[in-house]
Amino acid sequence: MGTDTKTRASMLQRYLHTRSATLDLCSSLQTEDFVVQSMPDVSPTKWHLAHTTWFFETFVLKKYLSNYSPYHPLYHYLFNSYYMTLGKPFNRPDRGLLSRPTVKEILDYRRHADELMEKLLTQCSENEAHDIFYLTEIGIHHEQQHQELLLTDIKHVLSCNPLNPGYSTGQTPAPDTIPEMRWFSYEGGLSWIGFDGEGFAYDNESPRHQVYINPFKLASRLVTNREYLRFIADDGYRRPELWLSDGWNEMRRQGWEAPLYWRKESGTWKVFTLTGLRDLCPDEPVCHVSFYEADAYARWAQARLPTEQEWERAARDIEVKGNFMETGVYHPRAAEAEGDGSGPVQVFGDLWEWTASPYVAYPGYKPVDGALGEYNGKFMANQFVIRGGSCATALSHIRPTYRNFFYPPSRWQFTGIRLAR
């Protein structure tokens, strides 16, 4: 990467834009909203603001700014997430107990870091610029991940409130009709999988390698609420033959009878969204389902979930566009059209799509050196890959090779279902 004035200005602009976008997502929140932790997987909004700042302080400012003094001696402990090589972090389920530092103090912390990052990006030496820009790039994408988590987490927080408060006022228009589900066929053979191009990618997307894929079919769109209601009506949550053993036990243990945020009131299904509680729209994609539910539905529909290799094979020639965070809707939209008819729609944006693939390393994978090697590699056990991004994901954050991952019982993320055969 060059370090001319234009390059430095571009990096600074992207850094400041990302940091500003995070604060914009908080603009409709009240101070009390920033501190609530509604379950162990959820982090308070205030923690997201602090942790993303901790990332730049820890990996950039401390290393490259001469005579840098930590903003606060305990922030390194409080706002570390899972980087054990940097010291034991504060207990994740207890983040909601941190009424102090205050929201104002965290915002001051962010401003402090931003001022120093701006100085560093514009004045760093030529010898250090490449490494600083590389780490800043990682930090930008890391913050985009936390923008998405901020939205998914505040949705869960607000859903626990009997007042059903809305985060935003954006509405999702219902289409007159949606396309029937069709099937697109793909030939089998050797296929290249993984990232090997220009621009940024995480280490878990590499190395690029060849895999053999059998001929397969992929559904033209995501599964809808209307289709999922048929699964529920056909006793889908009461038929053990549809479920993996772990999924059946988890479903019974947690008492699942429908996707997360669905509520039945006076015989009518309603759903909690980031705009508050409203009637369930039958034509919108079914959302907030676990891997276990997605797998059970696929078996009920006499289909299956795609592997991540099949998904990437189908997605590689499709333009990355759709209903992302930037639309301000923060909810999946119904499929309105078939596109040009040459391939599936809703591949990017709207909902992360569960795949049948466990999250494991690609052949020859090596994590990056140092603490950042903990970013992806150490989670390669007991999780499943999701692909495509969602209505809460930043558009510039997603690529056809992007691999996200969650534990199979997870439901609070914007996850949905695309079928394969």
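Helices α6 and α8 sit roughly perpendicular to each other (65 to 115 degrees counts as such). In this predicted model, their axes come within 11 Å and cross at roughly 80°; axes here are lines fitted to C-alpha atoms over the stretch in contact, with angles from 0 to 180 degrees between N-to-C directions. Helix α6 covers residues 225-233 and α8 residues 291-300, helices being DSSP runs (H or I) of at least four residues. On the α6 side, E227, Y228, R230 and F231 meet E293, A296, Y297 and W300 of α8, contact meaning heavy atoms within 4.5 Å. Five of the residues in this contact are nonpolar and three are charged, with no polar ones.

Y228 turns up again in the largest nonpolar core, which has 107 residues and in which Y228 and I417 touch the most other members. Such a core is a set of buried Ala, Val, Leu, Ile, Met, Phe, Trp, Tyr and Cys residues joined through side-chain atoms within 4.5 Å, with buried meaning under 20% relative accessible area (1.4 Å probe, protein chains only). Helix α5 (residues 126-159) gives this core the most, eleven residues. Beyond four places in sequence, the contacts of I417 include Y228 and Y297.

Over in helix α1 (residues 5-25) lies T22, which counts as buried because its relative accessibility is 4%. Its side chain makes a polar contact of 2.7 Å with that of E143 (N or O atoms within 3.5 Å, one able to donate a hydrogen and the other to accept it).

Residues are numbered from 1 along each chain as its sequence is written. Local features need pLDDT of at least 70 and side-chain atom pairs pLDDT 80 or more, while totals for chains, interfaces and linings use all residues, and side-chain values use heavy atoms, without hydrogens or water.

How values were computed: Helices (H or I, at least four residues) and strands (E, at least two) are DSSP runs, numbered from the N terminus. Buried means under 20% relative accessible area, exposed over 50%, partly exposed in between (1.4 Å probe, protein chains only). Angles under 35 degrees count as roughly parallel, over 145 as roughly antiparallel, 65 to 115 as roughly perpendicular and the rest as oblique. Ala, Val, Leu, Ile, Met, Phe, Trp, Tyr, Cys and Pro count as nonpolar, Asp, Glu, Lys and Arg as charged, and the others, Gly among them, as polar.
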